[in-house]
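Visitor: I would like to go through the labels attached to this structure and hear what each one rests on.
Guide: Then let us take them in turn.

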Amino acid sequence: MLYSYMNKKNFAFDRVNYILLAVSMVIVVLGFLLMSGAGSTETAYNPDIFSARRIKVAPVVCLLGFVSMIYAVIRKPKN
């Protein structure tokens, strides 16, 4: 009787949604790792803080991860 309440049609996400969410989270984490690195201190200036990887590539990777996360949430499971 309990199983009749828990059939697959009542779930909002299917397996593909969860896989897409996991891949999206990995992409976002990768973007944040690309942004990380040594910073400047009061005594030493590090010009690497303005590298193309940190300023351009990493934010785009994070944005793509967040957009794909939105897609994974609004994607309708196939019946």
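Guide: Asn17 sits in helix α2 (residues 15–35); helices here are DSSP runs of H or I with at least four residues, strands are E runs of at least two, and both are numbered from the N terminus. The model is predicted, so local features need pLDDT of at least 70 and side-chain atom pairs pLDDT 80 or more, while totals for chains, interfaces and linings use all residues. Numbering starts from 1 along each chain as its sequence is written, and side-chain values use heavy atoms, without hydrogens or water.

Visitor: Why is Asn17 called buried?
Guide: Buried means under 20% relative accessible area, exposed means over 50%, and partly exposed lies in between, with a 1.4 Å probe and protein chains only. Asn17 has 0%, so the label is buried.

Visitor: What makes Asn17 and Ala72 a polar contact?
Guide: The term requires a pair of N or O atoms within 3.5 Å; within protein, one must be able to donate a hydrogen and the other to accept it, and residues adjacent in sequence count only if both atoms are side-chain atoms. A polar atom of the Asn17 side chain lies 2.6 Å from the backbone oxygen of Ala72. With neighbours within four places in sequence left aside, Asn17 is in contact (heavy atoms within 4.5 Å) with Ala72, Arg75 and Pro77.

Visitor: What makes Arg75 and Asp14 a salt bridge?
Guide: The rule asks for a side-chain nitrogen of Lys or Arg within 4 Å of a carboxyl oxygen of Asp or Glu. For Arg75 and Asp14 the N to O distance is 3.1 Å, and the pair meets in a salt bridge. Arg75 belongs to the segment after α3 and Asp14 to the loop between α1 (2–5) and α2, 61 residues apart. The count by this rule is 1 salt bridge.

Visitor: How do the accessibility labels of Arg75 and Asp14 follow?
Guide: Arg75, at 15%, counts as buried. Asp14, at 22%, counts as partly exposed.

Visitor: Why is the pair of Phe13 and Tyr18 called edge-to-face?
Guide: Rings of Phe, Tyr and Trp (its six-membered ring) pair if their centres lie within 6.5 Å; planes under 30 degrees apart are stacked, over 60 edge-to-face, and the rest tilted. The structure holds 1 aromatic pair. The centres of the Phe13 and Tyr18 rings are 5.5 Å apart and their planes stand at 80°, so the pair is edge-to-face. Phe13 is partly exposed at 25%, and Tyr18 is exposed at 52%.

Visitor: How do you know that Gly65 is buried or exposed?
Guide: Gly65 has a relative accessible area of 0%, so the label is buried. Gly65 lies in helix α3. The C-alpha atoms of Gly65 and Gly31, 34 residues apart along the chain, are 8.1 Å from each other.

Visitor: Why is Ile74 called exposed?
Guide: Ile74 has a relative accessible area of 64%, so the label is exposed. The residue belongs to helix α3 (residues 52–74).

Visitor: What is the extent of burial in the protein?
Guide: Buried residues make up 19% of the 79 residues. The protein has 3 helices and 0 strands.
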